[in-house]
Amino acid sequence: MEGVKFVLIVTRRDYAEEYMDFLKEIGAKGVLRNFCRGATSESVLQALGLERVDRIMFRAIVSEKTAETLRKKLITEMRIAATGNGFMVIVSADSLGGASSKNYFLGDAPIEKGEKIMEDKSKFVLLITIADKGNVDTVMDAAKEAGATGGTVVSGKGTGTNIAKFFGATISEEKDMVYIVAKRENRDAIMKAIMEKAGRDTEAHGIVFSLPVDEVAGIGSFIE
């Protein structure tokens, strides 16, 4: 849907309230947040002498102009691109479910498009894998062999029930979602590797899909 963006932010859990205040200040409505964790295995962290940093994920639907303001301020004010602070991706929304959905996410303001950004908007993709709980390492090992550099894990837990909805898919409490931002040229290889090692015919019973990403921030290896 032209002029509407889906924003996903992952940052340190201890920044949760600061980020909520920031998102409200710039006008983001209907913000969703979930606790999550990095996908690096404990053995790797121990080998490197590092401790796991708890993460929180924010998701919101915003206008294109708000997304551009958010992108700039996340870098300049919230320092999302600083090492260890997290990352952000912006995806063009395909559609919204009528006026009620538009008002929930964007309020009464008309949808306004921001300035045209002259860059390749299909340079990155967001890969999302949904697999049985306990198979994150299998997913990430397969993805890294095919060129992925890291991922973020969110457990599929509902609010008040045992069922959660994500992009129209039903996810039970026994599922994990692995988010991976990758270069577009690595997409097919990563998805193929995940399906071979953690697909529907394996013990992980995983599925994977991708979304085009307009912009990224806070992922040094990609920005370079």
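1. Is Tyr19 buried or exposed? Tyr19 counts as buried, at 1% relative accessibility, where buried means under 20% relative accessible area, exposed means over 50%, and partly exposed lies in between, with a 1.4 Å probe and protein chains only.

2. A word on the basis of this note: the model is predicted, so that local features need pLDDT of at least 70 and side-chain atom pairs count only at pLDDT 80 or more, while totals for chains, interfaces and linings use all residues. Residues are numbered from 1 along each chain as its sequence is written, and side-chain values use heavy atoms, with hydrogens and water left out.

3. The structure holds three aromatic pairs; rings of Phe, Tyr and Trp (its six-membered ring) pair if their centres lie within 6.5 Å, and planes under 30 degrees apart count as stacked, over 60 as edge-to-face and the rest as tilted. Tyr15 and Tyr19 form a stacked pair, at 6.4 Å centre to centre and with 5 degrees between the planes. Tyr15 is partly exposed, its relative accessible area being 23%.

4. Tyr19 also pairs with Phe58, and because the ring centres are 6.1 Å apart and the planes stand at 15 degrees, this pair is stacked. Since Tyr19 lies in helix 1 (residues 16-25) and Phe58 in strand 3 (residues 55-63), the pair ties together parts that are 39 residues apart in sequence; helices (H or I, at least four residues) and strands (E, at least two) are DSSP runs, numbered from the N terminus. Phe58 is buried, with a relative accessible area of 1%, and ring pairs link Tyr15, Tyr19, Phe22 and Phe58 into a cluster.

5. Two strands pair if DSSP finds at least two bridges between them. Strand 1 (residues 4-12) is joined to strand 3 by nine bridges, and the two run antiparallel, with Val10 opposite Met57. Strand 2 (residues 32-38) is joined to strand 3 by five bridges, again in an antiparallel arrangement, and here Leu32 stands opposite Arg59.

6. The charged end of Arg12 sits over the ring of Tyr15, 5.6 Å from its centre, and Arg13 lies over the face of Phe35, at 4.1 Å from the ring centre.

7. A search of the whole structure finds eight salt bridges, each being a side-chain nitrogen of Lys or Arg within 4 Å of a carboxyl oxygen of Asp or Glu. Arg12 forms one with Asp14, the closest N and O atoms being 3.3 Å apart; Arg12 is partly exposed at 24% relative accessibility, while Asp14 is exposed at 54%.

8. Arg71 forms a salt bridge with Glu68, with the closest N and O atoms 2.8 Å apart, and because these residues are three apart in helix 3 (residues 64-76), about one helical turn separates them. Lys197 forms a salt bridge with Glu145, with 3.3 Å between the closest N and O atoms. Lys197 lies in helix 6 (residues 187-198) and Glu145 in helix 5 (residues 136-145), so this pair ties together parts that are 52 residues apart in sequence.

Methods: Lys NZ or Arg CZ within 6 Å of the ring centre and 35° of its normal.
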